[in-house]
Amino acid sequence: MSGNADSARATSIRRSLSSRLLILTIGFVMLAEVMIFVPSVARYRESYLTQKLDEANLAALSVLAAPDAMVSEELRKLLLQSVGVESVVMKLPQRRMLLLAHDMPPQIDQIFDLRTAGAFEMIGDTLMTLVRGGDRKLRIIGYATTAADAHVEIIMSERPLRQALLDYGWNIFTLSLFISIVSATLLFFTLRWMFVRPMRQMTRNMIAFRENPETAELPPLPTDRGDEIALASNELMEMERNLRQALVQKNHLAALGTAVAKISHDLRNILATSQVVSELLQDSADPAVRRLTPRLLQSLDRAIALCDRSLKYGSADEPPPSPTRFQLRKLVDEVGGTVTMDPDQSPRWQNNIEEEFQLYADRDQIYRVLMNLARNAVQAAGPEGEVCCSAREEGAMAVIRVSDTGGGLPEHARKNLFRAFAGKGRDGGTGLGLAIARDLITAHGGTIELERTGPEGTCFRITLPA
Ligand SMILES: Nc1ncnc2c1ncn2[C@@H]1O[C@H](COP(=O)(O)OP(=O)(O)OP(=O)(O)O)[C@@H](O)[C@H]1O
Ligand SMILES: [Mg+2]
């Protein structure tokens with residue numbers, strides 16, 4: 001037990017559902033964040049550049065307001081510095097005005113035209129700036145906010161843009177990390193509470209059951225949650241209950257088997273003694289005793305053979321049938337002779353089977369089947385009633401019927417028909433007769449069924465391959 005429990009615990013730390021869930025949740029949330037990270041940085045870059053253009057536009061307007069659009073060198077530098085660009089150009093439909101510029105026009109490395117750039121181009125440009133930008137000079141073109149058909153051009157260094165993007169990206173990254181850790185932790189505890197805890201409960205229950213299926217006091221199962229886990233728990237509980245019942249029955253049958261073997265063993269010896277004594281009866285002076293002795297000897301033979309077989313094959317299994325061809329009428333006569341041995345207590349015995357009707361089957365086993373049915377029928381019919389046997393061929397099948405005029409099967413016997421011990425309906429019966437009959441007939445590839453039962457009587461029908 002402890003070995004298993006230890007390994008189960010080791011599993012729970014390294015590869016448990018809880019820790020896997022934790023890692024997966026962090027991973028998935030980060031993945032989701034990455035998917036929104038790139039577009040949002042691109043969006044940030046666009047607004048950063050648009051703001052620059054707006055500021056440049058305002059600076060340009062202040063120059064235009066001066067007489068002849070001429071400002072002092074000092075003011076020009078101040079304006080460029082405050083906007084953070086190197087030159088500002090305004091374009092109206094007919095003319096181009098360089099309003100603010102440093103003395104030397106710089107070398108341009110890259111032009112970004114915000115008027116025409118699509119979303120993917122923006123994303124591409126952003127990544128380019130982040131990955132390898134820095135020292136380039138950029139020309140940015142965009143619409144002017146102050147005049148409908150004017151636009152503004154600025155020249156600026158890429159370095160401050162890149163720094164702003166990096167700052168913004170870092171903020172997003174730390175925020176994402178924080179969100180994913182918080183949500184993963186919440187999810188972790190929720191899932192742990194919802195799934196892992198009941199799973200552990202079920203595992204403990206199963207281990208306890210496996211270690212001692214017959215008697216162990218089992219740990220409780222999460223059966224009252226009303227969800228799928230409760231359903232599984234209920235099924236598990238039901239399965240354990242059924243298994244326990246089956247085990248009890250199996251032990252019971254095993255004990256019975258041993259008992260049958262022991263009884264068969266000693267009974268065989270007792271019967272052998274009776275056989276020796278009975279043989280002496282053949283020479284009796286009483287003609288009635290002489291007439292009945294062969295029947296007695298035959299019964300003793302059969303009883304000894306049965307004991308031998310049950311010892312040889314074990315109590316539960318019948319030997320496979322060894323079929324021969326025989327006259328059924330004769331066999332039924334033998335059965336009738338035995339079950340109506342006491343004429344005062346027996347019903348009328350009616351053998352309606354034709355002389356030439358033959359059966360290809362194990363004679364001894366069919367004898368036992370008919371004995372069991374006949375004995376039940378005789379007991380049910382009573383001294384005033386009648387028991388009747390008939391047989392006929394129907395296609396490739398032989399159909400044998402044993403009917404009586406008794407009061408019918410009790411309800412309990414009808415519900416548990418052919419089930420060993422379960423269908424016992426009368427005092428002194430063991431409830432095995434019909435179960436034995438069914439086993440023997442099934443081994444022949446045939447069927448046995450209750451054709452009718454009621455206050456007017458009962459009829460059992462046997463079908464055998466002819
Ligand atoms: N022909 C019948 N008429 C009425 N009841 C019957 C008939 N055959 C069977 N039964 C009922 O079915 C029950 C089961 O029969 P079954 O032969 O299996 O067991 P049993 O006769 O009780 O015991 P045994 O093992 O000694 O035969 C009987 O107890 C009886 O109540
Ligand atoms: Mg019986």
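To start us off, which residue in β9 is the bridge partner of asparagine 351? And from there, please take me across the rest of the sheet.

Modeller: Happy to! Keep in mind that this is a predicted model. The partner of asparagine 351 is cysteine 389 in β9. That pair belongs to the contact between β7 and β9, two parallel strands joined by four bridges.

Now let's step back to the whole sheet. It is open and has five strands, in the order β7-β9-β10-β12-β11, and its pairing is mixed. At the edges stand β7 (348-351) and β11, each with a single partner strand, so one side of each has no neighbour in the sheet. From one strand to the next, the twist averages 15°.

Next comes a helix, α8, which packs on the sheet and touches β7, β9 and β10. The direction of α8 makes about 175° with that of β7.

A hairpin of two residues connects β11 to β12, and glycine 454 stands opposite glycine 457 in β12.

The side chains complete the picture. In general, nonpolar side chains of soluble globular proteins tend to be buried together. Here the largest nonpolar core has 38 residues, and those with the most contacts inside it are Leu328, Leu359, Ile366, Leu370, Leu373, Ile400 and Ile462. The elements giving two or more residues to this core include the sheet strands β9 (386-394), β10 (397-404) and β12, along with the helices α8 (328-339), α9 (363-381) and α11 (433-443). The largest share comes from α9, with ten residues.

Finally, a word on confidence. The mean pLDDT of the protein chain is 86, with 95% of its residues at 70 or more. Strand β12 (residues 457-465) has the highest confidence, at 97, while helix α1 (residues 2-14) has the lowest, at a mean of 52. Where pLDDT is low, the predicted coordinates should not be read in detail.

Methods: Residues numbered from 1 in each chain as written. Chains lettered and ligands numbered in written order. Predicted model: local features only at pLDDT ≥ 70, side-chain atom pairs only at ≥ 80, totals over all residues. Heavy atoms only, no water. pLDDT = per-residue confidence, 0-100. Pairing = 2+ DSSP bridges. Core = buried A, V, L, I, M, F, W, Y, C linked by side-chain atoms within 4.5 Å. Buried < 20%, exposed > 50% of the residue type's maximum accessible area, 1.4 Å probe, protein only. Axes fitted to C-alpha atoms, helices over the stretch in contact; angles between N-to-C directions. Contact = heavy atoms within 4.5 Å.
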